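User: Hello! I am new to this structure and would like to learn how to read its features. Could we go through a few together?

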Amino acid sequence: MIIARKNYPMKSDVREKEDMYILEINLPGFKKEDIKAHVDNGNLIITASQDKETEKNKKNYIRKERYSGQYQRSFYIGHSVRQEDIKATYKWGVLRLEIPKEIKEQKKAASQIQIA
């Protein structure tokens, strides 16, 4: 079962299928390269960051509402799911992860989840 840790601005939906969970997270405005996902101690951790404005690019803002920085969200997925068994895609501002319910064979561990 997938359990979200806290309520962050990364809005998400979790659906259950027969053999997997589908996790979809809204990340509009982020590039695929700015999104990272990995598993640590039974938690699926999603991080998305946008470049902060440098001193030389600062403008004379009267009001600034767009966020520049980093979001992070974690979901408990259990210890039986390995990082390399999760499939991830990012399209139209939505990160979609397919998380299997049962793992059948052991594979070599990957350092991060590959986002297609």
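Analyst: Gladly! Let us begin with charges and rings. A charge sits over a ring if NZ of Lys or CZ of Arg is within 6 Å of the ring centre and within 35 degrees of the ring normal. Please keep in mind that this is a predicted model.

User: Which charged end sits over the ring of Tyr21?

Analyst: That of Lys101, which lies 5.2 Å from the centre of the Tyr21 ring.

User: Next, how do I read a pair of aromatic rings?

Analyst: A pair of aromatic rings is described by the distance of the centres and the angle of the planes. Searching the whole structure gives one aromatic pair. The ring centres of Phe30 and Tyr71 are 6.1 Å apart and the planes meet at 70°, so this pair is edge-to-face; planes over 60 degrees apart count that way.

User: Where in the chain do Phe30 and Tyr71 lie?

Analyst: Phe30 is in the loop between strand 3 (20-26) and strand 4 (35-40), and Tyr71 belongs to strand 6 (residues 70-76). The two are 41 residues apart, and the pair links distant parts of the chain.

User: Is Phe30 buried or exposed?

Analyst: Buried means under 20% relative accessible area. Phe30 has 9% relative accessibility, so Phe30 counts as buried. Tyr71, at 22%, counts as partly exposed.

User: How many strands does the protein chain have?

Analyst: The protein chain has eight strands and zero helices. Four strands make an open sheet with antiparallel pairing, in the order 2-3-8-7. Strand 2 (12-16) and strand 7 (87-91) are at the edges with a single partner strand each, so one side of each has no neighbour in the sheet. From one strand to the next, the twist averages 15°.

User: How many bridges join strand 3 to strand 8?

Analyst: Seven bridges join these antiparallel strands. Met20 stands opposite Pro100 in strand 8.

User: Could we finish with one residue and its surroundings? What does Ile113 touch?

Analyst: Ile113 is in the segment after strand 8 (94-100). Its relative accessible area is 5%, so Ile113 is buried. Leaving aside residues up to four places away in sequence, Ile113 touches Ala37, His38, Val39, Leu44, Gln83, Ile86 and Ala88. Take Gln83 from that list: Gln83 and Ile113 are 30 residues apart along the chain, yet their C-alpha atoms are separated by 6.0 Å.

User: And what share of the residues in the protein chain is buried?

Analyst: Buried residues make up 34% of the 116 residues.

Methods
Residues are numbered from 1 along each chain as its sequence is written. This is a predicted model: local features need pLDDT of at least 70, side-chain atom pairs count only at pLDDT 80 or more; totals for chains, interfaces and linings use all residues. Side-chain values use heavy atoms; hydrogens and water are left out. Rings of Phe, Tyr and Trp (its six-membered ring) pair if their centres lie within 6.5 Å; planes under 30 degrees apart count as stacked, over 60 as edge-to-face and the rest as tilted. Buried means under 20% relative accessible area, exposed over 50%, partly exposed in between (1.4 Å probe, protein chains only). Contact means heavy atoms within 4.5 Å. Two strands pair if DSSP finds at least two bridges between them. Axes are lines fitted to C-alpha atoms, for helices over the stretch in contact, and angles run from 0 to 180 degrees between N-to-C directions.
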